[in-house]
Amino acid sequence: FGARRVVLACLPLLMIGLLIAGFAHPYAVLFVAALMLGMGNGGIDVSMNAIGVQVEAARPKPIMSFFHGMWSLGNFAGAALVLIASVAWRSAPVQAAVIAATIIGVASCVLGFRFTPETAVVPHADAEGVKTPIPRWAYLLGVMAIAFGLGEGTAMDWSGQHVTEVAQIPAAQGSLAVTVVAAFMVAIRLLGDNLVARFGRRAVVRFGGACASLGYLVTAIATPLPVLLVGWAMVGFGIGMIAPQVYAGAGHAAGGRGLAVVVTFGYATFLCGPAVIGFLANHFGLQQTMFVPAILLAALPFLASVMPREERPAAIG
């Protein structure tokens, strides 16, 4: 159907799911709302990256990292809505934040319908009607998505708990680690396109994997809070470089279908990662478990060699 139609269909689904979730009381209603949220978010993630690839293909310089930086800024905005609502509307902070987010969402739908460019429909067969296979290297990029997916998910889900336990600080201060991770992800994503233009996607992914791996090694060994925060900063800085380039590489070389494969691997990791880390932390300790994402991310500099070369197709779906 083309990525534009998918993203514009999924935006209302995402907003309706969010609105229902904010006011749901029976668990069954909350469950249905969560399904709508997941379907809307998953559809948008694939389709908006496909649109971003098309926009980048029409430009002389890369821009995918900037797009992912704006997504990270959206994370900040969502968290800020909840914080503001918890102060201004103490009786119903979640509902207030949801209403505000829905209003912003309606505005984004209006802008999306007006400005989102048309996209080509992705062909699934050649001129003779024979179904074209997805390139095998797309699945290798999916393996890379497992590595950076577990690394990013662990940082966002567990960094606060990690510094609370390891540095023995009050739980309320644990959010320092999450803030550091997110801040450095935003910074590198807003600056990353210049690095891609100068050094190429492979080099950026290699550096990002090495940086994030070293950061995780610091979190697995150190105990003072300042050193732990430096480690989490390295994780955010390194992780922030990887996803935009892997997604862009898949989209440029294999269109929306190849991109969907890679994103699916990443989301499967987001789904399983928290449980895996929690299981290992329960048996070996949370700090020792940080060696797992360190090892996976250390493989990225080697896996980066499977990324397609900087070739851009004429049309991206």
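Helix α7 passes helix α10 in a left-handed crossing, a term used when the near helix is turned anticlockwise from the far one by less than a right angle. The contact (heavy atoms within 4.5 Å) is made by Gly209, Ala212, Ser213, Tyr216, Leu217, Ala220 and Ile221 of α7 and by Phe291, Pro293, Ala294, Leu297 and Ala298 of α10. The model is predicted, with local features needing pLDDT of at least 70 and side-chain atom pairs counting only at pLDDT 80 or more, while totals for chains, interfaces and linings use all residues. Residues are numbered from 1 along each chain as its sequence is written, and side-chain values use heavy atoms, leaving out hydrogens and water.

The axes of α7 (residues 201–221) and α10 (residues 291–298) are 8 Å apart, at an angle of about 160°. The two helices are therefore roughly antiparallel, the term for angles over 145 degrees.

Tyr216 of this contact also forms an aromatic pair with Trp232, edge-to-face, at 5.4 Å centre to centre and 80° between the planes. Rings pair if their centres lie within 6.5 Å, and planes over 60 degrees apart count as edge-to-face. This pair links helix α7 to helix α8, 16 residues apart in the chain. Both Tyr216 and Trp232 are buried, meaning under 20% relative accessible area (1.4 Å probe, protein chains only).

The structure holds 4 aromatic pairs. In another of them, Tyr139 and Phe265 have ring centres 6.4 Å apart and planes at 75°, so this pair is edge-to-face. Tyr139 lies in helix α5 (residues 136–166) and Phe265 in helix α8 (residues 225–284), 126 residues apart. Tyr139, at 39% relative accessibility, counts as partly exposed, and so does Phe265 at 26%; partly exposed lies between under 20% for buried and over 50% for exposed.

Notes
Axes are lines fitted to C-alpha atoms, for helices over the stretch in contact, and angles run from 0 to 180 degrees between N-to-C directions. Helices (H or I, at least four residues) and strands (E, at least two) are DSSP runs, numbered from the N terminus. Angles under 35 degrees count as roughly parallel, over 145 as roughly antiparallel, 65 to 115 as roughly perpendicular and the rest as oblique. Rings of Phe, Tyr and Trp (its six-membered ring) pair if their centres lie within 6.5 Å; planes under 30 degrees apart count as stacked, over 60 as edge-to-face and the rest as tilted.
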